[in-house]
Amino acid sequence: MLIFLDLETTGLETGDKICSIGIIGVLEGEAVSMHELVNEGKKIPPKASSINHITNEMLKDKVPLKESSAWKFLHEHNQEDATLIAHNINFDLKMLESAGFAWHGKTVDTLRVTKHLMPECEGFSLQFLRYELKLYRDEQKEALKYGLNEGDLTPHNALSDALHVKLLYECLAEIKEHDKLVELSQKNVLMQKFDFGKYSGRHIEEISMRDRGYLEWMLLNIVDLDEDLKYTLKRYLHG
């Protein structure tokens, strides 16, 4: 089974919780979808609400994650031959683990795989790739299969994002077979360019020669540095 997943959370700090989960499960051509708000007892601050448009009032009467249909579905399909697929999957796995769920199957990280297979892209966020790769051309037809209306196709709607993960995966699967996508998901990416900061758009190798101190500063001072960017900086600094 392929399980396309997206989570929305109360924030990105330690102690934040899952507040929404979107799933599309596909097995032998048959598909199931679910989209639930869950109440883990953690209030959503305005900053998080401004991103995912989920409010504390919306969660007031919702069940905890462990009582949700999505939780039951993940447990039923937590098998070695199933594959969990998400964009930046390490974040999702970490949030699920903090809720008491450990995934035992395979994983595909569409973020990391896209970096491997399409290094020339100017950005790698799910929404950027939605337009860069023209995934939107098929989204409305696909959305109807999973109970999404046109107005639901918005960033940080968990089911909408799960749908775009599915569309991105299908695009990547045209380049490499499934097992290779699983393999690439475990392999660090040597990134080519910075996509933020004062050197945004510049080649990292060039900056490593011109401003080595900047790379050293990033490693020392940016706590939540992307895993692949951290790997890249260390490669250029220390070989």
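Mentor: Let's take the terms one by one and set each value against its definition. This is a predicted model, where local features need pLDDT of at least 70, side-chain atom pairs count only at pLDDT 80 or more, and totals for chains, interfaces and linings use all residues. Residues are numbered from 1 along each chain as its sequence is written, and side-chain values use heavy atoms, leaving out hydrogens and water.

Trainee: What makes C19 count as buried?

Mentor: Buried means under 20% relative accessible area, exposed over 50%, and partly exposed in between, with a 1.4 Å probe and protein chains only. C19 has 1% relative accessibility, so it counts as buried. C171, at 18%, counts as buried too. Across the protein chain, buried residues make up 46% of the 239 residues.

Trainee: How do you know that C171 is in no disulfide?

Mentor: A disulfide is a pair of cysteine sulfur atoms within 2.5 Å. For C171, the nearest cysteine sulfur belongs to C121 and is 9.1 Å away. By this rule the count of disulfides comes to zero.

Trainee: What makes a group of residues a nonpolar core?

Mentor: The members are buried Ala, Val, Leu, Ile, Met, Phe, Trp, Tyr and Cys residues joined through side-chain atoms within 4.5 Å. The largest such core here has 29 residues, and F4, I24, V108 and L163 have the most contacts inside it. Helix α8 gives the most to this core, with nine residues. There is also a second, separate core of 25 residues, which includes M1, A70, F73 and L84.

Trainee: Which elements do the buried residues of α4 pack against?

Mentor: Helices (H or I, at least four residues) and strands (E, at least two) are DSSP runs, numbered from the N terminus. Helix α4 covers residues 89-98, and its buried residues are I89, F91, D92, L93, M95 and L96. They pack against β1, β2, α3, β4 and β5, with contact meaning heavy atoms within 4.5 Å. Just after α4, G100 takes a positive phi of about 100°.
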